[in-house]
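Here is a short note to read with the structure open beside it. Take the points in order and find each place as you go.

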Amino acid sequence: MASLWNEEAECLSGDALDALHLAKLKKMLVRVNEMSPHYREKFERAGVNPYEFSSFEHYRRYPTFDKYEERESQARSKAELGHPLGRHITCDIGDVNRMSASSGTSGTPSFQGHTKNDRRIQNENFARMFKRIGVEPGDRVLFAGVMSMWVAGLPSVDGLLDYGANVIPVGALVGSMKVAEMAALTRPQVVMSTPSFLRHMVKSARQEETFDLADIGVEKLIVYGEPGGSVPEIIDELSQGYGGAAVYDAMGGTSCMNPIFVSCEAHDGMHFIAPDHAYVEIRDLQSGEYLPIEGELEGEAIYTGLDRECGPLIRFCDGDKVRITTDACSCGRPGWRMKVIGRTDDMLLVKGVNVFPSAIQDIAVHQQNALTGNIRILKFAESPTIEPPLQLWAECVGAPSDADKATIKAKFEEEIQRALRFKVEATLFSEGKMEMEFGATNKAKTFKKMYE
Ligand SMILES: [Zn+2]
């Protein structure tokens, strides 16, 4: 088993962990109540008293937080206090050491501040992730993510620098070809970016035919930001594209000083690496009941970062629908494992049934000799309700003839009908000909907006 950065913390469980969670939650609730008018008013409305807090049962009575509330709080602080971090921040504005932004779907970004101590905790989580997957100080790590204010941008570079890696901060904004060239020149042992950008880099390099990224000695890929890093076919494709490199999928939970999850060689879920820094609740989507994290379970994840000084989010609902197992992993590392099944945000309603775009993408990915797995779902209105046939685009491998395309299309549509029980109308494109759109954070957009 690979060694751990902080064995004591990463192996915490049972009564000791419960006691730590309760102590940290109480301290946090009292703090946000005293420091933030937003929380004080919210707790008063909900009829909860942080000074009387003593159990997880109490914690369930605290209202959850979501991105709409965050945006509202930030709009108010901008107007009333002259900063965009929200009325829910709980530190002196002068103690903010770094700001990040997440691109909101509505176009207004939401902001996160970090104090020096917030950065310290985040860097500790990065160190745990690096150590687990065998990245050592001094290893050359090429960072090919977007290095702007994105939450996974500069903070990742900060984490790498603090860990003592030999950081090659190229950043994705120079374009996939330029990053591929820099990789060929600098020969990193580790490359970090989104799965779709790393796939792009391989394709760009192959088009130029001057070098192949499979030959430059990359040992590990750390991917994040998209579901691809946990999809077997995409893991295989990435690994082959980089000469057999091991692929690790990393993830966070909003406000939890990410990363707090990373996968392993078993590719059977991401291990939870920060039990002392984050408290995760799982709510059953049907019954609304909270499920103990024990055995196998499924539901919506609710995150609380436990040590956050600036802008703690109490019980944040990210919209992640997850599956968890606490069974021991074949890799031997501690930490229960989680798979993201879908985002409740992206969920579509087709004939009254919930459908995650990832389910359609899975079917495309499974036809790996015919389809690349890149799909776009055409949306003609904002509502998640879709009248079948659902219209979508899919990208073919290579440039098949019209006759071959018709065969692939028929098979793809049939598979979806069989597996998901609704009708789709697919338009197929030759490889590289389908219009892709990337968000500010370089995530490939699944939906193609066909309305204003
Ligand atoms: Zn494992």
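Which domains does the domain assignment of the protein give? Keep in mind throughout that this is a predicted model.

1. **Two domains.** The assignment gives domain 1, covering 1–343, and domain 2, covering 347–449. Their C-alpha centres are 28 Å apart.

2. **Where the domains touch.** Domain 1 puts 16 residues into the contact, and domain 2 puts in 13 residues. Look at the side of domain 1 that touches domain 2.

3. **The buried side of helix 3.** Now go to helix 3, residues 37–46. Which of its residues are buried? They are His-38, Tyr-39 and Lys-42. These residues lie on the same side of helix 3 because they cover an arc of only 90° around the axis. Helix 2 (14–35) and helix 5 (67–80) are among the elements that cover them.

4. **The other face of helix 3, and its end.** The face turned away from the buried side carries Glu-41 and Glu-44, which are exposed. Just after helix 3 comes Gly-47, with a positive phi of about 70°.

5. **Strand 17, a mostly covered strand.** Strand 17 spans residues 371–379. How many of its nine residues are buried? The count is seven, and strand 17 is thus mostly covered.

6. **The partners of strand 17.** Strand 17 pairs with strand 19 (residues 390–396) in the antiparallel sense, over four bridges.

7. **Leu-154.** Last, find Leu-154 in helix 7, residues 154–163. Is Leu-154 buried or exposed? Count the other C-beta atoms within 10 Å: there are 20, so Leu-154 is buried. The cut-off for a buried residue is 20 or more. Then look across to Glu-414. Leu-154 and Glu-414 are 260 residues apart in sequence, and their C-alpha atoms are 44 Å apart in space.

Key. Residues are numbered from 1 along each chain as its sequence is written. This is a predicted model: local features need pLDDT of at least 70, side-chain atom pairs count only at pLDDT 80 or more; totals for chains, interfaces and linings use all residues. Domain bounds come from an automatic or database domain assignment. Two residues are in contact if their C-beta atoms, placed from the backbone, lie within 7 Å. A residue is buried if 20 or more other C-beta atoms lie within 10 Å of its own, exposed if 12 or fewer, and partly exposed in between; C-beta atoms are placed from the backbone. Helices (H or I, at least four residues) and strands (E, at least two) are DSSP runs, numbered from the N terminus. The arc is that of the directions from the helix axis to the C-beta atoms. Two strands pair if DSSP finds at least two bridges between them.
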